[in-house]
Amino acid sequence: MKRVSTIDHTKTIAGLAAAGFGAIAILILASTLKPFVIINAGERGVVMKFGKVQNTILDEGIHGIMPIVTTVKPITVRVQKNNLAAQAASKDLQQVSIDVALNWSVDKERVNEIFQRIGDEEQILSRIINPAVAEVVKAATAQKNAEEIITKRTELKQAIDNQLKERLSPYGVLIEDTSLENVGFSEEFSKAIEAKQIAEQEAKRAQFIALKAEQEAQAEINWAKGKAEAQRLLRQNLTPEILQQQAIEKWNGQFPTVMGGNGSLPLINISPPTQAGR
């Protein structure tokens, strides 16, 4: 039986150990240098070589890169929502506070240009979007008085939406939608509006009561006029002959009676008829 020498056995163990250390070193080197990058769903990768932005934009998925030389900055292209507070003045110089809910995203075809000019999402929001919202809200509210801001809120929202799209489009920022969640005025103006609404409601109620009374009075007048007219027509049409005819038609065949000393006596007409020639 052939025996393996101690030297050969030692060499085998050393070879395996070297291979293991080599594999570990490769894994450590790969994890440190990162020869690939993963772009998640809803993102695009901005490629840079030695810090210089390249024209290439990486889509979602895994991509091989040259370590040290190439770096990739993921930028989200999903729709984002931010609530921004803005202060402005109306056309009639009333102070207005508006909370704008803004849905926006970056142009996926221009993420490298946007990152090069402006920066990442936080820098886009602070450097571009916030100042644009503040200026657009001031310009839009200055075109309407306080009452119109309340009654024509949809028009104000549309004006802000259109102006923001026009202002931010050159930067590669896409405005999906805007909403005016809260519109507030100074405490003094709010109290004045409330007092005006109460006065208008009371005036309408008084007007309704007066109109109702007028209609009821007119109805009484019309009823009285109608009754008087009916009586006039009745007097005009009732002749002695008609009255006699109606009495005959309603007679039940019995004479009315009167009470006398000896009991009831029929009441009859005792006036003698007028003789001709007398």
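Is Arg 44 buried or exposed? In this predicted model, Arg 44 is buried, with a relative accessible area of 12%; buried denotes under 20% relative accessible area, exposed over 50%, and partly exposed the range in between, with a 1.4 Å probe and protein chains only. The model being predicted, local features require pLDDT of at least 70 and side-chain atom pairs count only at pLDDT 80 or more, whereas totals for chains, interfaces and linings use all residues. Residues are numbered from 1 along each chain as its sequence is written, and side-chain values use heavy atoms, with hydrogens and water left out.

The protein chain contains 7 helices and 10 strands; helices (H or I, at least four residues) and strands (E, at least two) are DSSP runs numbered from the N terminus. Of its 278 residues, 23% count as buried. Among contacts in the chain with a separation of 6 or more, 65% are between residues 24 or more positions apart, a contact being defined by heavy atoms within 4.5 Å.

The largest nonpolar core comprises 37 residues, and Trp 104, Ile 129 and Leu 164 have the most contacts inside it. A nonpolar core is here a set of buried Ala, Val, Leu, Ile, Met, Phe, Trp, Tyr and Cys residues joined through side-chain atoms within 4.5 Å. Two or more residues of this core are given by each of strand 2 (43-49), strand 6 (80-89), strand 7 (95-106), helix 2 (111-117), helix 3 (121-141), helix 4 (146-151), helix 5 (153-168) and strand 8 (173-185). Helix 3 supplies the largest share, 9 residues. Apart from this core lies another, of 6 residues, including Ile 39, Val 47, Leu 58 and Ile 65.

With residues up to four places away in sequence left out, Trp 104 touches Arg 78, Val 79, Gln 80, Asn 82, Glu 121, Ile 124, Leu 125, Ile 129, Val 173, Leu 174, Ile 175 and Glu 176. Ser 105 is placed in strand 7 and is buried, at 4% relative accessible area. Under the same exclusion of neighbours within four places, Ser 105 is in contact with Val 77, Arg 78, Val 79, Gly 172, Val 173, Leu 174 and Glu 176. The side chains of Ser 105 and Glu 176 make a polar contact at 3.1 Å. A polar contact is a pair of N or O atoms within 3.5 Å; within protein, one must be able to donate a hydrogen and the other to accept it, and residues adjacent in sequence count only if both atoms are side-chain atoms.

A search of the whole structure finds 10 salt bridges, each a side-chain nitrogen of Lys or Arg within 4 Å of a carboxyl oxygen of Asp or Glu. One of them joins Asp 59 to Arg 44, with the closest N and O atoms 3.4 Å apart. Asp 59 lies in the loop between strand 3 (52-58) and strand 4 (61-64) and Arg 44 in strand 2, so the pair ties together parts 15 residues apart in sequence. Asp 59 is partly exposed, with a relative accessible area of 47%. A network of salt bridges links Arg 44, Asp 59 and Glu 60.

Lys 81 forms a salt bridge with Glu 181, the closest N and O atoms being 3.7 Å apart. This pair links distant parts of the chain, with Lys 81 in strand 6 and Glu 181 in strand 8, 100 residues apart. Lys 81 is exposed at 53% relative accessibility, whereas Glu 181 is partly exposed at 39%. A further salt bridge connects the side chains of Glu 148 and Lys 152 (4.0 Å, N to O); Glu 148 is partly exposed at 24% relative accessibility, and Lys 152 is partly exposed at 33%.

Ala 142, in the loop between helix 3 and helix 4, is partly exposed, with a relative accessible area of 35%. Ala 142 and Ser 90 are 52 residues apart in sequence, and their C-alpha atoms are 4.7 Å apart in space. Not counting residues up to four places away, Ala 142 touches Ala 89, Ser 90 and Lys 91.
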